[in-house]
Each structure stands twice: as C-alpha cells, then as structure tokens.
Amino acid sequence: MRLMSTSVTMLLAAATLGGAVSMASAQSCDELWVERNSYYKQAGYCFKTARAIGYFGNGGCYVNSESAMRFSPDVRARINQIVRLERQFGCAR
C-alpha cells in the first residue's frame, strides 16, 4: 500500500465542509480519487477494481458493499463533494 501524501493527509484532517471546499478546487483527479478511496479503505471496504486493489490492497477488508459503509456526516458530505468534483472535472471513476 502506498503512503498517502502529506497534502492528502492534511485534507483528510481538514475535511469539513468549510475547510475542504477551497482546497478541493486545487486537487487533481488522481488526488480526489485517492482521498475518496482513502475514506472507503478506512471504513473496511473491499475494493473491486484493479486500480484500487493495486493502490490500497484488500488486506483486512470486511465491507463488500458501498451502501453498507457508515460515515460521519462530515465525511459523507466530503465524499459527496468529491464525487461532484470528479464529475465536474470529467475524472474517470
């Protein structure tokens, strides 16, 4: 598993609606993908795509469905924001 960059780690720590909005606009598609999937990894999600498995691995995973993952309201709001940004920027999901 690759270590997250300092900037992504800082975004995870600052992922409140107010703090992440301005930071998010400067993020690339790859950075958005890593941040969004980092939340999934922390929630125990078992990745399905080769890209995600290659980057994060599936060691210790126990959640097989995205709908079964539970997040705090702030994290859920940030994930939703990332998804909107990925669509806006035309990022591959």
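A: The expected span of a helix is 1.5 Å times one less than its number of residues. Helices (H or I, at least four residues) and strands (E, at least two) are DSSP runs, numbered from the N terminus.

Q: What span should α3 have at 1.5 Å a residue, and how far apart are its end C-alpha atoms?
A: The 14 residues of α3 should span 20 Å, and the end C-alpha atoms of α3 are 20 Å apart, so the two agree.

Q: And α5? What should its 17 residues span?
A: They should span 24 Å, and the end C-alpha atoms of α5 are 24 Å apart, which agrees.

Q: Where does the model come from, and what is counted?
A: It is a predicted model, in which local features need pLDDT of at least 70 and side-chain atom pairs count only at pLDDT 80 or more, while totals for chains, interfaces and linings use all residues. Residues are numbered from 1 along each chain as its sequence is written, and side-chain values use heavy atoms, with hydrogens and water left out.

Q: How many helices and strands does the protein chain have?
A: Five helices and zero strands. From the N terminus the order is α-α-α-α-α.

Q: How much of the protein chain is buried?
A: Of its 93 residues, 40% count as buried. Buried means under 20% relative accessible area, exposed over 50%, and partly exposed in between (1.4 Å probe, protein chains only).

Q: What about the surface?
A: The protein chain exposes about 5,400 Å², with 57% supplied by carbon and sulfur atoms. These areas come from the Shrake-Rupley method with a 1.4 Å probe; for residues, only the protein chains shown count as cover.

Q: And contacts along the chain?
A: Among contacts with a separation of 6 or more, 53% are between residues 24 or more positions apart. Contact means heavy atoms within 4.5 Å.

Q: Switching to the core. Which residues touch the most other members of the largest nonpolar core?
A: Trp33, Tyr40, Phe47, Phe56, Met69 and Ile79, out of 18 residues in that core. A nonpolar core is a set of buried Ala, Val, Leu, Ile, Met, Phe, Trp, Tyr and Cys residues joined through side-chain atoms within 4.5 Å.

Q: Which helices supply at least two residues of this core?
A: α3 (29–42), α4 (50–56) and α5 (73–89) each do.

Q: What does Met69 touch?
A: Leaving out residues up to four places away in sequence, Met69 touches Tyr40, Ala43, Tyr45, Val63 and Arg76.

Q: How many aromatic pairs are there in the whole structure?
A: Seven. One of them is Phe47 with Phe56, which is stacked at 5.3 Å centre to centre and 20° between the planes. Rings of Phe, Tyr and Trp (its six-membered ring) pair if their centres lie within 6.5 Å; planes under 30 degrees apart count as stacked, over 60 as edge-to-face and the rest as tilted.

Q: Are those two buried or exposed?
A: Phe47 counts as buried because its relative accessibility is 5%. Phe56 is also buried, with a relative accessible area of 5%.

Q: Which residues form the aromatic cluster?
A: Trp33, Tyr40, Tyr45, Phe47, Tyr55, Phe56 and Phe71 form one cluster.

Q: What sits over the ring of Trp33?
A: The charged end of Arg51, 3.8 Å from the ring centre. The criterion is NZ of Lys or CZ of Arg within 6 Å of the ring centre and within 35 degrees of the ring normal.

Q: What comes just after α3?
A: Gly44 is found there with a positive phi of about 85°. After α5 comes Gly90, whose phi is positive, near 75°.

Q: What about the loop between α4 and α5?
A: Tyr62 is found in that loop, and Tyr62 is exposed, with a relative accessible area of 60%. Not counting residues up to four places away in sequence, Tyr62 touches Ala43, Gly44 and Cys46. Gly60 is in that loop too, and is exposed at 67% relative accessible area.
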